Amino acid sequence: MKRNLKKSLVLVFTCILMTTVFTTVAFAAQYIYYDGGLLNATVEVENRLNYGIFDYCISKWNNTSTPVNITQVPGSGHSYIISGQWDDTWYGMYTPQSRQYVFWGRAGKFKIELNRNTLVSESDTFRSSVLVHELGHAFCLSDNPSSGNSSIMNYDRNRNYLTWPTSDDIAGVNNAY
Ligand SMILES: [Zn+2]
């Protein structure tokens, strides 16, 4: 899930994009570019989670054959991952910060929030699937409406199984960097 100030504009954009994807899906890798990802795939991130899934999720991205290089740092002012309670149905939320053109463009850093209200009764595997997905947004992958476990960005992936970027996700990241 992504947060954006220009919601109606994004909806139109997404619908057009989805039409394009459905007509070219047989020929192209199954990933959708998202321009709110990081400008630089080397990123320092603060772990403000109270779940013990940070290292696992970071390693899932760091171990891919991509330019992704995430290091954990202390302090404040960096990208960060945090959990909190929101009275809403979402599991995770990615918010780009310090964007190139203020409201759009690649991000200088990000905030990822995990919703304790929806994740409290779920397993660490499920939570990891959510966090690895949100990190996918940080590396320029959009939510992907195609079905199954072909991508960590699939809406209907099995969150109790898929906790890693797939070959389609890796292709998408390498296309963006
Ligand atoms: Zn998402």
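Two residues are in contact if their C-beta atoms, placed from the backbone, lie within 7 Å. This is a predicted model: local features need pLDDT of at least 70, side-chain atom pairs count only at pLDDT 80 or more, and totals for chains, interfaces and linings use all residues. Residues are numbered from 1 along each chain as its sequence is written.

**View 1. Tyr 51 and its contacts.** Tyr 51 sits in the loop between E1 and H2; helices (H or I, at least four residues) and strands (E, at least two) are DSSP runs, numbered from the N terminus. Leaving aside neighbours within four places in sequence, Tyr 51 is in contact with Ser 83, Asp 124 and Arg 127. Tyr 51 is partly exposed, with 18 other C-beta atoms within 10 Å; a residue is buried at 20 or more such atoms, exposed at 12 or fewer, and partly exposed in between, with C-beta atoms placed from the backbone.

**View 2. Helix H4 and its surroundings.** H4 covers residues 124-138. Twelve of its 15 residues are buried, so H4 is largely enclosed by the rest of the structure. The buried residues of H4 pack against several elements, including helix H2 (54-62), strand E3 (79-84) and helix H5 (167-176). After H4 comes Cys 140, with a positive phi near 75°.

**View 3. The largest nonpolar core.** A nonpolar core is a set of buried Ala, Val, Leu, Ile, Met, Phe, Trp, Tyr and Cys residues joined through C-beta atoms within 7 Å. Among the 33 residues of the largest one, Leu 131, Leu 135, Phe 139 and Leu 141 touch the most other members. H4 gives the most to this core, with five residues. Not counting residues up to four places away in sequence, Leu 135 touches Cys 57 and Trp 61.

Technical notes:
The expected span of a helix is 1.5 Å times one less than its number of residues.
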